[in-house]
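Q: I would like to learn how to read a protein model step by step. Could the lesson begin with the overall picture and then turn to single features?

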Amino acid sequence: MVDKKGKVLLMNPAAEKLLDTKREDKINKSLLSDLKDGQMVSLSKDGKRGTKTVEYESTDNETIKTIKSSSAVVQDENGHTVGMVSVLTDMTKQKELDQMKTNFINTVTHEFRTPIVAMQKSIQVMLSGATGSMNEAQNKFLAIAKRNLERLNLLIDDLLNLSKLEENKITMDVKEYSVEDVIEDITETVGTWITSKSITINKEFEPNLPKQKMDPNRIAQVLNNLLSNAIKFTPEGGSLTVRTKSVVGGLVEISVADSGIGMSEEECVKVFDKFYQIGERTTTDITGTGLGLPIAKEIVELHGGKIWVESEKGKGSRFIFTLPAA
C-alpha cells in the first residue's frame with residue numbers, strides 16, 4: 001500500500017517474497033526507488049486501477065515469473081485520493097500447469113483422430129452392405145456406434161478449436177459485414193429444428209445498423225451455438241427472440257433470448273467454464289460437449305467484444321455479446 005505521493009506505507013511478508021525485497025528497505029521510501037526487475041513490472045507504475053497479468057524473468061530459478069496485479073485507488077470520506085493498494089498474486093505455477101494441460105489435450109486429441117476415423121470408415125462399409133447382409137439388430141448396434149463416434153469426433157474438434165483460440169493460433173478473416181446476414185443464415189440452418197418443436201422465433205433488428213468488423217464464419221459459430229442452446233432448452237411451443245442494436249462505445253449488441261428452463265445465479269457464473277453442462281440431466285436429457293460457450297467466449301473476445309448471460313430459473317435465458325462497429 002502506498003500514499004498519494006507514492007511512498008510505501010505497508011508491505012506484508014508475501015509481498016516481500018514475491019518482489020524479492022525487504023520491508024525495511026521500502027517503508028517510507030518512494031515506490032520507484034531502487035526498483036528491481038520484478039518490482040518494476042509488478043507494482044504498476046502507471047497507477048491505473050484494475051487487474052493485469054505481467055511476466056518477467058526470475059534470476060533465482062531461471063524461469064518466467066507470472067504475477068497478477070490487482071490495484072485500487074484508496075479515497076477518504078471526501079473523495080480525495082490518499083493512496084493505492086496493490087494485491088499481487090504469483091501465477092507462475094498455475095500458468096505452467098495450464099500449459100501442461102493444454103499440451104496434453106492437444107497430443108491426446110491428435111492421437112485419437114486416426115483410430116476414430118478408421119472405426120468410422122469400417123462401420124460405414126459394414127452399414128452399406130459391402131461386407132455382406134446383416135440382420136436388424138446388427139444394423140441397430142452399428143448405427144449406435146456410428147452416432148457415438150460422431151459425437152466423439154465433435155468433442156475432439158471442439159477441444160482443438162478451443163486450444164487454438166486460447167493460444168491465439170487460429171486464423172481470422174476479418175472484414176466489414178452485417179451480423180444480421182449471419183443471423184438470417186443461421187436461423188435458416190436451424191429452421192427445421194425450430195419448426196419441429198413449434199417454437200416461434202422473433203427477429204428485432206435496429207434499422208440502419210452499421211456493419212461490424214468480424215470474421216463472419218467465426219461469428220456464425222457463436223450464433224449457431226447460442227441459437228442451438230436456446231432451442232435445446234426451450235420446451236415445445238416456446239419462443240426465441242434475436243435482437244440487434246447500437247450501444248455506446250461504437251459497439252453493436254446482439255442478443256439471443258429464449259423462454260426455456262433458465263438458470264440459477266450459480267449456473268450463470270459457471271456457464272462459460274469448460275465442460276460445464278447447463279441444466280439437470282434428469283429433467284432435460286440434453287447432451288453436449290460443454291465446450292460450445294467457452295469457444296463462443298474466446299471468439300467474441302478475439303473480436304474485441306464481450307459476452308455474458310442474464311437468466312432466472314424457470315424464466316428463460318438471454319445471452320448477449322458485442323462487436324465493434326466498422
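Predicted model: local features only at pLDDT ≥ 70, side-chain atom pairs only at ≥ 80, totals over all residues.

The dialogue below treats the chain as a whole, then its helices, its core and a hairpin.

Q: How many helices and strands does the chain have?
A: The chain has eleven helices and eleven strands. Of its 326 residues, 37% are buried. Among contacts with a separation of 6 or more, 61% join residues 24 or more positions apart.

Q: How does the span of helix H4 compare with the span expected at 1.5 Å a residue?
A: One takes the distance from the first C-alpha to the last and sets it beside the expected value. Helix H4 covers residues 92-127, which is 36 residues, and reaches 52 Å, close to the 52 Å expected.

Q: Where in H4 does a kink lie?
A: A kink of about 30° lies at arginine 113, shortly before proline 115. Just after H4, glycine 129 takes a positive phi of about 90°.

Q: Which residues of H4 are buried?
A: They are Thr92, Thr102, Asn106, Thr109, Ile116, Gln120 and Ile123. Two of these, Ile116 and Gln120, are also in contact with asparagine 153, as is Arg113, when neighbours within four places in sequence are left aside. Asparagine 153 belongs to helix H5.

Q: Is asparagine 153 buried or exposed?
A: The relative accessible area decides the matter, and buried means under 20%. Asparagine 153 has a value of 15%, so this residue is buried.

Q: Which residue caps the N-terminal end of H8?
A: Aspartate 215 does so, with a side-chain oxygen 3.1 Å from the backbone nitrogen of asparagine 217.

Q: Which residues have the most contacts inside the largest nonpolar core?
A: That core has 41 residues, and those with the most contacts inside it are Ile219, Leu223, Ile254, Phe319 and Phe321. The elements that give two or more residues to this core include helices H5, H6, H8 and H11, together with strands S8, S9, S10 and S11. H8 gives the most, with eight residues.

Q: What is isoleucine 254 in contact with?
A: Leaving aside neighbours within four places in sequence, its contacts include Val179, Ile183, Leu223, Phe319 and Phe321. Arg243 and Thr244 are also among them.

Q: In which sense do strands S10 and S11 pair, parallel or antiparallel?
A: Strand S10 (residues 307-311) and strand S11 (residues 317-324) pair in the antiparallel sense over five bridges. Tryptophan 308 has isoleucine 320 in S11 as its bridge partner. Five residues lie between the strands of this hairpin, where glycine 314 takes a positive phi near 80°.

Q: How are side chains arranged in a regular strand?
A: In a regular strand the side chains alternate between the two faces of the sheet.

Notes
Residues numbered from 1 in each chain as written. Heavy atoms only, no water. Pairing = 2+ DSSP bridges. Helix = DSSP H or I, 4+ residues; strand = E, 2+ residues; numbered from the N terminus. Expected span 1.5 Å × (residues − 1). Bend = angle between axes of the 7 residues up to and from the residue. Buried < 20%, exposed > 50% of the residue type's maximum accessible area, 1.4 Å probe, protein only. Core = buried A, V, L, I, M, F, W, Y, C linked by side-chain atoms within 4.5 Å. Contact = heavy atoms within 4.5 Å. Polar contact = N/O pair within 3.5 Å; in protein donor to acceptor, adjacent residues only side chain to side chain.
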